[in-house]
Amino acid sequence: MEITIKDAYELDYKSDCLVLPFFETADMELCADIDAKIGGLIQKVITSGEFKAKEGQCVVLYVSGVSFDRLLLVGLGKRADITAEKLRRAGSKAFVRARESKTETVTISVRALNETEKSIGAFSPPYYFTEGAMLGLYRYLKYKKADDDKKDEKEIKEAVILSKDKDFPVQWLTLNTMASTFARDLVNSPSKDMTPTSLTDVAKSLAGKNLKVKVLEQKDSEKEGMWSYLAVAKGSAEPPKFIVLEYNGAGKAVPLAIVGKAITFDSGGLSLKPADSMEDMKQDMAGGAATLAIFKAVSFLKLPINLIGVLPATENMPGGHAIRPGDVVTAITGKTIEILNTDAEGRLALVDAIGYVIKHYKPEAVIDMATLTGACSIALGNEAVAMMGNDEKIMAEIREASDETFERVWQMPLFEEFKEYLKSDVADIKNIGGRTGGLITAAYFIKEFVGETPWVHLDIASTAFLAKPKPYFVKGATAVGVRLLLELIRKRVEKAQKS
Ligand code: BES
Ligand code: MN
Ligand code: ZN
């Protein structure tokens, strides 16, 4: 869906559907002119008690004699309680309803939206409403055949925001939501279509003047001594691909590094997962997909920053050459690891990726995003990303970005007592810390390889892929982390430009 903004009057603009948001209890004064032209239908549906403008409530009226065929009333709840998140949810509800109503062009009236009393975020209310619409309309239909009813529901082509706001950030909104869609498609793709090699092709397709994409083949990774990452790949017939992205938008400035877990399928390896835990393991490259999406948006917008991205891509499979529980490997930093559980593979890949980026790029900081632990959902449900790290400043920055995008993060402690949990009898460290504190020991394991570089770990295991839908997310991939880090970057750029 394309988003445009037009300084036009609702009754003049031709479309299939006009979306008219209302605060509780529907204020008629705001739309008296429109109602007069459609025979008082809005008044009727309000008087009848059917439409009360409760949060997310939708009513579609077929109208004639005006420039639009349908009028979609959508409720925003109480004006005093409005938040950016409520607007996203309402936008999603309205547009999913508009799509069911077979519309192609949808106009949005901003009358009520602009009546909010307080500032609700970095952007104006129509931004959040439209953002929710875009995110809510997403579907993964690649393999749905014609017999599915969703298939004959056409996509909405255009959303026109009827507003005078000349500074409305159409491009930012479009790129954020497109990046989100891009990441969701990658994650929803079956692992057969999204091997380390296919992921490499995707990364290469992003390359351009300001974005270099390098791929380390198995041999190159061996030369780097990334035996921890390579251990994960040993049981797979698919060759591992260590993908490095270099985005240059700010000359010689010290880069920020983003590392995304990119296990294209996690069977658990020889420590094989039970069948029901394996079902959704195509999602295990969600951190990597989010990283690619961020680079896509940043390089399109030519943002004035420097970024390095790393995706240590591989499958985790139980083939004949697979690494065995009890094996010991050496990571790029020289630390030895006793691999007691081959299903704790994410941390093995990540420590080499982080070690590599620190060694070769000396970044200002490293942020990693990883579907790292089942324990993440035990701790936080599907409601928050778990955040841990060694740098309070960047964590505060991420928290601020998260307040803006509602990709909520929750900090967990890295008490030094957890070091004990990872003591190995035969090597410097072991890759599992026992059942208790599993979310934290996974992060603590990574911390042991990071050193002094500022680092933040985001465990997205319970938020990257949903088994049940959320207000503007259908089941499946959510692209969590994409809008979050794009917002962090936007804030940084904004700050730099002000100073
Ligand atoms: N990729 C999984 C974690 C995961 C679980 C992601 C559920 C998304 C949804 C990770 O590689 C894993 O298997 N972790 C193990 C670690 C354990 C063996 C210490 C886990 O959480 O069970
Ligand atoms: Mn695993
Ligand atoms: Zn995994």
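User: Which way do β2 and β5 run when they pair, and how many bridges join them?

Analyst: Strand β2 (residues 15–24) and strand β5 (residues 105–109) run parallel, and 3 bridges join them. Strands here are DSSP runs of E with at least two residues, helices are runs of H or I with at least four, and both are numbered from the N terminus. Two strands pair if DSSP finds at least two bridges between them. This is a predicted model, where local features need pLDDT of at least 70, side-chain atom pairs count only at pLDDT 80 or more, and totals for chains, interfaces and linings use all residues. Residues are numbered from 1 along each chain as its sequence is written, chains are lettered from A and ligands numbered from 1 in the order in which they are written, and side-chain values use heavy atoms, with hydrogens and water left out.

User: Where is K14, and is it buried or exposed?

Analyst: K14 sits in the loop between β1 and β2. K14 counts as exposed because its relative accessibility is 70%. For that label, buried means under 20% relative accessible area, exposed over 50%, and partly exposed in between, using a 1.4 Å probe and protein chains only. The C-alpha atoms of K14 and V106 are 9.2 Å apart, although 92 residues separate the two along the chain.

User: New topic: metals! Which residues are the protein donors of the zinc ion?

Analyst: For the zinc ion (ligand 3), they are K261 (NZ), D266 (OD), D284 (OD) and E345 (OE), at 2.0 to 2.4 Å. Donors are N, O and S atoms within 2.8 Å of the metal (3.2 Å for Na, K and Ca), and sites may look incomplete since water is not among the atoms.

User: Why is the arrangement around zinc called octahedral?

Analyst: The 6 donor atoms around the zinc ion (ligand 3) subtend angles of 79 to 174 degrees, and that makes the arrangement octahedral. The rule is that six donors count as octahedral, and four as square planar, if opposite donors are over 155 degrees apart and all others between 65 and 115; four count as tetrahedral if all angles lie between 85 and 135 degrees, and anything else is irregular.

User: What about the manganese ion, which residues coordinate that one?

Analyst: D266 (OD), D343 (O), D343 (OD) and E345 (OE) coordinate the manganese ion (ligand 2), at 2.1 to 2.2 Å. The angles among its 6 donor atoms are 71 to 169 degrees, and the site is irregular. D266 lies in strand β10 (residues 262–266) while D343 is in the loop between β13 and α11, so the pair ties together parts 77 residues apart in sequence.

User: Which residue bridges the two metal ions?

Analyst: D266 does, and the manganese ion (ligand 2) and the zinc ion (ligand 3) lie 3.2 Å apart. D266 is buried, at a relative accessible area of 3%.

User: How do the others around there count, buried or partly exposed?

Analyst: D284 counts as buried at 2% relative accessibility, and E345 is buried too, with a relative accessible area of 1%. D343, at 22%, counts as partly exposed.

User: Last one: what surrounds ligand 1?

Analyst: There are 16 residues around ligand 1, and the closest are K273, D284, D343, E345 and G374. A residue is near a molecule if one of its heavy atoms lies within 4 Å of it. A polar side-chain atom of D343 lies 2.8 Å from an oxygen atom of ligand 1, and one of D266 lies 2.9 Å from an oxygen atom of ligand 1.

Technical notes: Polar contact = N/O pair within 3.5 Å; in protein donor to acceptor, adjacent residues only side chain to side chain.
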